[in-house]
Amino acid sequence: RDLGLPAAHAQHSQLLRYEPGEAYLAHTDCTVGLAPYDRMATVLVYLNDVPEGGGTRLTRGNVTVLPRAGRAFVFFGAGEDGFCDPLSEHEAMPVLQGTKLVLQKWYLSRAPPGGKEVGAEDAAWQHVRRFLRAH
């Protein structure tokens, strides 16, 4: 809602934890050729500063976002037609020092059948909103 993404398209939030040496190889959050209920957008909220490493890198655009407490990174994996854009490929780079905590939320290109929300206001997301307002 705050980002202009429809709440009815939201999936449940996930809390991710990366320890030193951990990473997630290059991937898309959607499936090339699959539509129409694929993941349209990804929201990452970094919950802590990482002393070294741990950035999120868009591999095709050579853009890296460094994890800093309260920073949000929003990117789109699918176009308005709902089809996956291979240019949205990204990776979680290895944490070199410290721990990386990230809250992740995906938005579908359309509301699921029946228009039922799938976690737009789950407890984890509410907690992060309070955190961001306080910092």
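## The largest pocket

In this predicted model, the largest pocket holds about 220 Å³ of space, where a pocket is an open set of points on a 1 Å grid over the protein atoms alone at which a 1.4 Å probe fits, with protein on both sides within 12 Å along at least five of seven lines. The volume is the space filled by probe spheres set on the points, and grid points are joined across faces, edges and corners. Rolling a probe the size of a water molecule over the atoms shows where empty space is left.

The lining of the largest pocket, meaning residues that have an atom within 4 Å of a point, consists of 16 residues, and those nearest the centre are Leu16, Tyr18, Tyr24, His27 and Gln104. Two or more lining residues come from each of strand E1 (14-18), strand E2 (24-27), strand E3 (39-46), strand E8 (90-92) and strand E10 (100-108), with E10 giving the most, namely four residues. Sorted by class, the lining has seven nonpolar, six polar and three charged residues; here Ala, Val, Leu, Ile, Met, Phe, Trp, Tyr, Cys and Pro count as nonpolar, Asp, Glu, Lys and Arg as charged, and the others, Gly among them, as polar.

## Basis of the values

Residues are numbered from 1 along each chain as its sequence is written. Because the model is predicted, local features need pLDDT of at least 70 and side-chain atom pairs count only at pLDDT 80 or more, while totals for chains, interfaces and linings use all residues, and side-chain values use heavy atoms, with hydrogens and water left out.

## The chain as a whole

Of its 135 residues, 40% count as buried, where buried means under 20% relative accessible area, exposed over 50% and partly exposed in between, with a 1.4 Å probe and protein chains only. Among contacts (heavy atoms within 4.5 Å) between residues at least 6 apart in sequence, 80% join residues at least 24 apart.

Leucine 3 lies in the segment before E1 and, at 47% relative accessibility, counts as partly exposed. Leaving aside residues up to four places away in sequence, leucine 3 touches Val43 and Val74; its C-alpha atom is separated by 9.3 Å from that of valine 43, 40 residues apart along the chain.

## The sheet containing E2

A further open sheet of four strands has the order E2-E8-E5-E6, with antiparallel pairing. Its edge strands are E2 and strand E6 (63-65), each of which pairs on one side only, and neighbouring strands are turned by 15° against each other on average, direction ignored. Two bridges join the antiparallel strands E2 and E8, and histidine 27 stands opposite histidine 90 in E8.

## Two loop residues

Cysteine 30, in the loop between E2 and E3, is buried, with a relative accessible area of 5%. Not counting residues up to four places away in sequence, cysteine 30 touches Asp38, Arg39, Gly77, Cys84, Asp85 and Ser88, and its C-alpha atom is separated by 9.6 Å from that of glycine 82, 52 residues apart along the chain.

Asparagine 62 is found in the loop between strand E5 (56-58) and E6, and is exposed, with a relative accessible area of 60%. Its phi is near 55°, a positive value in a residue other than glycine.

Notes:
Pairing = 2+ DSSP bridges. Axes fitted to C-alpha atoms, helices over the stretch in contact; angles between N-to-C directions.
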